[in-house]
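Here is a short note to read beside the model. Please keep the structure open and follow the points in order.

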Amino acid sequence: MARIFSLFLALVIASASVAAPVEQRQVGDLSCNIDRFKIVTGLISAGSAIGKIDTTDPDTATAVAAAQAGLKAAGDSIKDIALALVTGKTAPADARTGVSQGLNDTRSALDSITNTAVSDSVAAAQSKVQAAIDDGNDVIADCK
Ligand SMILES: *[C@@H]1O[C@H](CO)[C@@H](O)[C@H](O)[C@H]1NC(C)=O
C-alpha cells in the first residue's frame, strides 16, 4: 500500500509541474487530485483498521482475509490507473470498476462478521471502508 501511496504522490507532483494540456493527459484538476489522494490515504486507513480486527475466531479470520483481498484488488486497480496517468496513457476503463468492486467486496466481507467480540473493531473498519467508497465517488464526480 505504501508503494501506491508514493506513486500517487509522484502523480500529484507530476501533474502540478507538467505543462501539457490537462484533458489530454487525464491528470485532472486540483479537486480531482485531492480526491485521488484521499482515496489512497483512505485505503491505507481501511487496511490498518481491518488489521486491528481480532482473528482468533475462524469465521472472523475468513471474513477478514476476504476483506483484505478486496482492498488489495481495489489498490491494484488504483495502481493501474496511476501508472496509466503518469505515463500519459488513457486509464483502463475497467480499472474504476475494479476499485468499486474491490471496495464493495471489502464492505460485504466486513458486513458478514457476526462475532460480537470484535464488533467495535469491525465497526471502525466499516466506517473507514465507507469513507474510501465515498472518496471513490468523489473521484468519479470530480475527475472528468
Ligand atoms: C458497488 O456498490 C454500489 C452501491 O451498492 C453500486 O452502485 C456499484 O455498482 C457497486 N460496484 C460494482 C463494481 O459492482
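1. **A residue to start from.** Lysine 128 sits in helix 6. Helices (H or I, at least four residues) and strands (E, at least two) are DSSP runs, numbered from the N terminus. Residues are numbered from 1 along each chain as its sequence is written. This is a predicted model: local features need pLDDT of at least 70, side-chain atom pairs count only at pLDDT 80 or more, and totals for chains, interfaces and linings use all residues.

2. **Buried or exposed?** Lysine 128 counts as buried because it has 21 C-beta neighbours inside 10 Å. The cut-offs: buried means 20 or more other C-beta atoms within 10 Å of a residue's own, exposed means 12 or fewer, and partly exposed lies in between, with C-beta atoms placed from the backbone.

3. **Its partners.** Leaving out residues up to four places away in sequence, lysine 128 touches Gly42, Ser45, Ala46 and Ala49. Contact means that two C-beta atoms, placed from the backbone, lie within 7 Å. Lysine 128 and isoleucine 44 are 84 residues apart in sequence, yet their C-alpha atoms are 9.2 Å apart in space.

4. **Helix 6 as a whole.** Its 24 residues (119-142) should span 34 Å at 1.5 Å a residue, and the end C-alpha atoms are 34 Å apart, so the two agree. The expected span is 1.5 Å times one less than the number of residues. Buried residues of helix 6 include Val122, Ala125, Val129, Ala132 and Gly136. An α-helix has 3.6 residues a turn, so residues three or four places apart point the same way.

5. **What covers helix 6?** The cover over its buried residues includes helix 3 (30-51) and helix 5 (93-111). Helix 3 has 22 residues and reaches 32 Å from first C-alpha to last, close to the 32 Å expected. Among its buried residues are Gly42, Ala46 and Ala49.

6. **A second residue on helix 6.** Alanine 124 is also in helix 6. It counts as partly exposed because it has 17 C-beta neighbours inside 10 Å. Its C-alpha atom is 6.5 Å from that of alanine 49, 75 residues away along the chain.

7. **The ligand.** Which residues are around the ligand? They are Thr97, Ser100, Gln101 and Asn104, each counted as near if its C-beta atom, placed from the backbone, lies within 6 Å.

8. **The whole protein.** The protein has six helices and zero strands. Of its 144 residues, 34% count as buried. Among contacts between residues at least 6 apart in sequence, 77% join residues at least 24 apart.
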